[in-house]
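Thank you for sending this structure over; my remarks follow as numbered points. Please read them with the coordinates open beside you.

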Amino acid sequence: MRPFSSIIARYKKEMAIAIAFMVLIDILAYAIPLLIRYVTDEVYPQLGSGGGLEPLFLFGGIIVAAGVVRGGMVHLMIRSFWYLAETVVRDIRNALFEKLQHLPAQFYDTARTGDLMSRVSADVQMLRNFFAFGIEHRIRVALITLTVLALMIWQNWRLALVVYSIIPVILYLVIYFSTRMSRATINKHRRTGDLSSFLQENLYGIRIVKALAMEDRQIEAFADVNQSVKDASTEAADLQARMNPVLILTNTLGSLIIVLYGGWQIVSGTGDMTLGTLLGFMSYLAIIGFPVYILAFNTSTMSLASGATARIHQVLSQSDQRQRDNGHRRDRIRGELAFRSVGFSYPDGGAPVLKDIDFTIEPGERVAIFGLTGSGKSSLISLIPRFYEPDSGIISLDGGPLAEWDLEYLRSRIGMVLQESFLFSMSILDNIAYGRPDACREEIVEAAKAARIHDYIMTLPEGYESTVGEFGLGLSGGQKQRIAIARAILKDPSILILDDCTSSLDSRTEQEIQAELRDLMAGRTTVIIAQRISTLRLADRIIVLRDGRVDHMDSHEALLTKSRLYRSAYQIQSNYGSIGEDVMSGGPA
Amino acid sequence: MSEIRSFLRKFLPYLAPYRRDIIVMYAAAILNVAALISIPILIQRAIDFGIVPRDTSMLLNMAGFVAAAAALQFISFRTQGRIMMRVGNRVLFDLRRDLFGSIQRLSVPFFDANKSGKLMTRVTSDVQVLEELLMAGLDTVLVDVMMIFGLISAMIILNARLSLVLLLVVPLLALIVFVLRNRIMDAASGIQKKLSGVNSYLNESLSGIRVVQAFARERRNIREFQRINGEYYDNSRRFYPLHAIFWQAVATLNTVSQGLVILVGGLLLYRDLITIGVIVAFLSYVTRLFQPMQKISNMLNQFSRAIVSGRRIFEILEEPVAVPDKENAFEPPAIRGEVEFTDVHFSYHPGEPVLKGVSFLVNPGQMCAIVGHTGSGKSTTIHLINRFYDIDSGHLKIDGRDIRDYSQRSLRSRMATVMQDPQIFSGSVAENIRFGRPEAGIDQVRQVARTLGIEEMIDGFPRGFDTEVGQNGGNISLGQRQLLAFARAMLRNPSILILDEASAYLDSETEAMVQKALGVLMEGRTSFVIAHRLSTIRNADQILVLEDGHIVERGNHEELIGAEGTYASYIRTLETH
C-alpha cells in the first residue's frame, strides 16, 4: 500500500473514526454473551425461588438496548469505510487518468488498451474493496480471535485452550482452500476469456465460415473450448462446495467440545465451571464463526488488492512528458522545419529505423514522403510533434530546436490527419471542434464546408448533433476522413501532417478528397505520406525514403529519371492502375 | 406469470437428463437441513438431561448423537454441493453448445440484422446470468424454504409460548430482506451504469490517445474525466447510506431478538413453563433465520433476471433458418461451374429492389468481372451465387440446376470466397491457409503457397508458416492478408471462385505480387471478381457493367471499348491522363 500512503494520509482521520466504530461494535458483541451468562447464572435461578422480575427486565432491557446501539454503530462504520473507499478510489482514478493522458507514445506502443482498461477499472475496484471491507475484515479477524481467546481464558482457561486447539486446523484449511480457489478462479477467467475470443472471431468472420461451409468444424472447435470452460468452472465450484461443509463441521465440533468437556467439568465439579460459563462459550463460538467464515474471502481480497496496487503503481510511476525538459517558446510559427543528421530507433531496442536524415522544408512548402512498407515514413513524421525523441541529431523549427518550444503550444499548432481517423463517441460538432473546443458554431460549419462534408451532415436527421464513434452513426471511411480533415482545418495549423490518410480509401473516394487536401495544404508547411502517385503529385518535392535513409528529395519529374524505386512504382501503377469504382464515377481524375 | 411458465417450459428440458442427480441432491439437502436443525436440539438435551442433573452417561450419549449428526450434516452437505455444481456446469455446457450450434446454423440475413456484439452478449452474459441462477438457486429453492420452516417448527415444538416471539421477528426480517434489499439492488444497478460511463470514457480516451495528444486535448479531457468520476462518486455517496441501513437493521434485529428470547424466556421460566436448555436452543435458532431468507431473496432476484436472459437465449435457439435446405437436397459429387442468372430480382427489404432483372451466363472456367459503383448491386450478385440469400424471382442455376435444389453445404464446399477485407483468424499462418480444408498437410499448404508465388514471403516471417498471426491479422499487412486468403481459397481447389478485390491501394511491391497470384488462382476456374484494377478487368472473359440493379453493358475489354459506352469513355479518360 506504500505508493498510496500520501492518499491514505489525507484521510487519516476518516480511517481512525471508522476503526473506532468497528472496535465499539465488537466490544458490544462480546458484552452480549457476558450479559447472557449473567442472566442464566444469576437472574434465572432467582426467578423460581421467589425473586422479583425486576432484574430480568433490567438485563433483558440492557440486551435489547445494546442491540439498538450496536445497529447504529454498524451503520456508522459501514458508512465511514465505504465513503473512505470511494473517496480514495476517486482520487486514484483521477491520478491514473491524468497520468495516462500525459504518457508518451512509446508507452502506448507496448501497452495494450485492454490491459490499461483493466488497470483503471478492475484494479481500482480491487482497491476499493480493500478500503471498503478488506481493512475492516482483516482487523476484525485478528481482534475478535484474540479478544475471544482472552475472554475465554479469563473465564475458564482449560476449556479455552481445548476450544482454541481447533484454530490451527481451521487456519490450515482456510489457507489450503483459498490458495487453490484463487488459482482455480484465475484459470476459469482465462478459459472464459478464450471462449469469448473464439466466439468473437467466429461471429466477426461468420460470412467466411458460411462461404467455406466450415460450420461443423467450428462447432467441433467450440466444443473443445466449451469443455475446458466447463472443467475449469467445475473445479472452482467444487472447491467452494468442499470448503463450506468443512467450515460448518469445525464449528459443530467446537460446540461438541464445549458441551462435552465443559459439561464434564460441571458434572465433576472441576475448575468452577458453571452452566452460564458454558452458554457463554457457546455464544463466543458463534462470534468466532465470523472471522473463520470471512478469512478465506479476506485472504483473497488482500492478495488481489496487493497485486492491483503493484500494477497501478507501475503506471503511476512512469515518467511522463511533462517531467521532461520542456521549453517555453511560443512565438508565431513560420513553418521552417529542418532535420539535421537525425537518427532514431524505437525504445524497445530494435535496429535503427532512421539513419542520418538531413533535409530542410521551407515555410509553406509541401513535401511528400514515399517509400515501401517499413522504410521509416511513419517514424519520421512522429518525431515532429515529439511523440518520440530522436537518438541523435537535431530537429528544429524556425531555427530553434523542438525542445525549446512549449510542447502543448507546439502540438496545438500542428494539424494531423491519421491513416485511420479516430472519431470519438460525441456529436459531429464536438468531433470537429476537438482541437479547438472554444470554436463557435459558424467556424465549425465553415470547416465542415471546406472539408466538403457539410452537405452530408445536413442530410442527417440530427445534423451536427448526430453522435458518431463506437456507439453512434456508422460512417464510411471517406466520411470519417473528411471529418478528420475538418478537424484539422478548424485548428488552422501552421504545420500540417498527413499520415497516409488516403490509402485505406478506394481510389474514387481518394480522388474526391484530393481537392479538400489541396485546399487544406495551401500556405502551410505540409508533410504528407502517400502511396499513390496521384497523391504524391500534390507535393512540391518528394522524399524517397529507403531503409531509413533519404534516397532522393526532388520533384516528381526529376524523380522519374533519378530514382529507380520511384520509376518502377509509377510503372506498376500505370499498368495495374486501379479503376473499377472510377469507371462509374464518370468524371476525370 | 406466463413468462415464468414459458421460461420453465423451455429451460426444464435442460435439467431433465440429470433428473436422477437432482433427486439425489434434494434427498441429501433434506438430510442436511434435518441434521442442522437437530444439532441445537441435541445440545439442549445434553444440557437439560446431562449437565444439569449431572448425568454423565446421558451427556456422553447426547454428545455421541451430536457427533453423528455433525458427520451426517457434513456428508449430506458435501453431496448436495457436489451434485449441484456438477449438474449446473453440465447444463451450462449444453446450453452454450446448443446456442453456438444454432448460431452456426442460421443464415446470413440473421447476421445482417444482429450485430456480432449483441450475439456475443447472448452467449457470454446471458448464459452467465443463468449460471448464477443454477449455482446459487438450484438447491436454494427447496433447501432454504425447508430450513425456514424447519427452524420455525422446531421452535414451536420446543416451546409454543416462547415461539410467539417469532411473530415479531419474522415479519421484520422479511421486510428487511425482501423490501429493503430490493431497493438496494435497484439503486446499485443505477450506480453500475454510472460506473460503466466512467469506464467507457476512459476506454475511448485510450483508444484515441494519438488524436488526444496530437490535438493537445489532455488538460481538457482530464477535467472532463474528473467531472464524470465525481458524478459517480456523488451518486455512490447517496447509495451507501442505504446499504448501511440494511446491515444496521440486520444487526439490530439479531441482537434484539436474542434479548426478546431472554426476556420472554425468563418470564416463562418464572412460571415454570420452560427449561434453560430450551431458551439456549432458541437463542441459537432466532439468529439463524436471516441467512436462508437472504438466500431466497437473492434467488428470486436471480430468477427474474434469468427469465429476461432466458427469453433472449431461447429466441436464438428458436430462430427459424431464413435460407433453408430442401428436404433430400442434391449433393453433387462435383460441379463443372456453369452459372446462369435469368431475370433475377432481389431485394433485402420489401419495396427496395437491389437487382432488377439481371441475366447472364458464365461458362465453366470463364472469368467474369463485375464493375459498377457502390450500390449498383455488385456485392449482392456474388452473395446470391454463394446463396447467402434466396432470390425473389427469376432463375439462378448452377450446372443447369436450380441453386435451391442443392444442399448449401455441398455447394459451398465446391466454391471458395475471398472477401475484400480478408478475415484472418488467430492461429498460425499455416492454420489460416488450411482453414477451409483442415485435413490438408503442411506439404499441400506449402505447395499452394509455392504455386501462388508467396512461399518465400511466408518463409520470411519470423517463424515461417508457424508464425502466429493475431486476430484480424493485426501483425501483417493488408496485402499479406489478402495473399493468405488467396492461398486459403486455392487449397480448396474450388470449381467456382468468388473474389471481392481490395479497393485500397497497397505498396507497389505487394501490388505486383497480388496481381500475379490472382492470375494463378483464377486459372481454370469459373471466377467472379468485383474488380478495382484495370489489369484484372482486362483479363476477364466477360465484363458485366452494373448500374442501379441492371446490367447496362457486357462483353470483353475490346468489345466494350468498341461499343463506345460508359466503359469506353472512362478508359479513354484514363489513357489521356
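1. How many residues does the largest nonpolar core have, and which residues have the most contacts inside it? In this predicted model, the largest nonpolar core has 304 residues, and those with the most contacts within it are B:Phe486 and B:Ala487. The largest share of this core, 19 residues, is supplied by helix α3 of chain A, which covers residues 54–102.

2. The surroundings of B:Phe486 deserve a look in the viewer. Once residues up to four places away in sequence are set aside, B:Phe486 touches B:Val418, B:Leu452, B:Ala517, B:Leu518 and B:Leu521.

3. On the contact between the two chains, 122 residues come from chain A and 124 residues from chain B. Helix α8 of chain A (residues 215–268) gives the largest share of the side of chain A that touches chain B, namely 27 residues. By residue type, that side of chain A divides into 63 nonpolar, 39 polar and 20 charged residues.

4. Leaving aside neighbours within four places in sequence, B:Phe93 is in contact with A:Asn226 and A:Lys230.

5. Chain A contains an open sheet of four strands in the order β2-β1-β4-β5, with antiparallel pairing. The edge strands, each pairing on one side only, are β2 (354–361) and β5 (400–401) of chain A. Strand β1 (residues 337–344) and strand β4 (residues 392–397) of chain A run antiparallel and are joined by five bridges, and A:Ala338 stands opposite A:Ser396 in β4(A).

6. Chain B as a whole has a secondary structure of 21 helices and twelve strands. Its radius of gyration is 36 Å, well over the 25 Å that the globule rule gives for 577 residues, so chain B is more spread out than a compact globule. The C-alpha trace of chain B spans about 120 × 65 × 55 Å along its principal axes. Buried residues account for 43% of the 577 residues in chain B, and, among its contacts between residues at least 6 apart in sequence, 79% join residues at least 24 apart.

Technical notes. Residues numbered from 1 in each chain as written. Chains lettered and ligands numbered in written order. Predicted model: local features only at pLDDT ≥ 70, side-chain atom pairs only at ≥ 80, totals over all residues. Core = buried A, V, L, I, M, F, W, Y, C linked by C-beta atoms within 7 Å. Buried ≥ 20, exposed ≤ 12 C-beta atoms within 10 Å, placed from the backbone. Helix = DSSP H or I, 4+ residues; strand = E, 2+ residues; numbered from the N terminus. Contact = placed C-beta atoms within 7 Å. Nonpolar A, V, L, I, M, F, W, Y, C, P; charged D, E, K, R; others polar. Pairing = 2+ DSSP bridges. Rg over C-alpha atoms; globule rule 2.2 N^0.38 Å.
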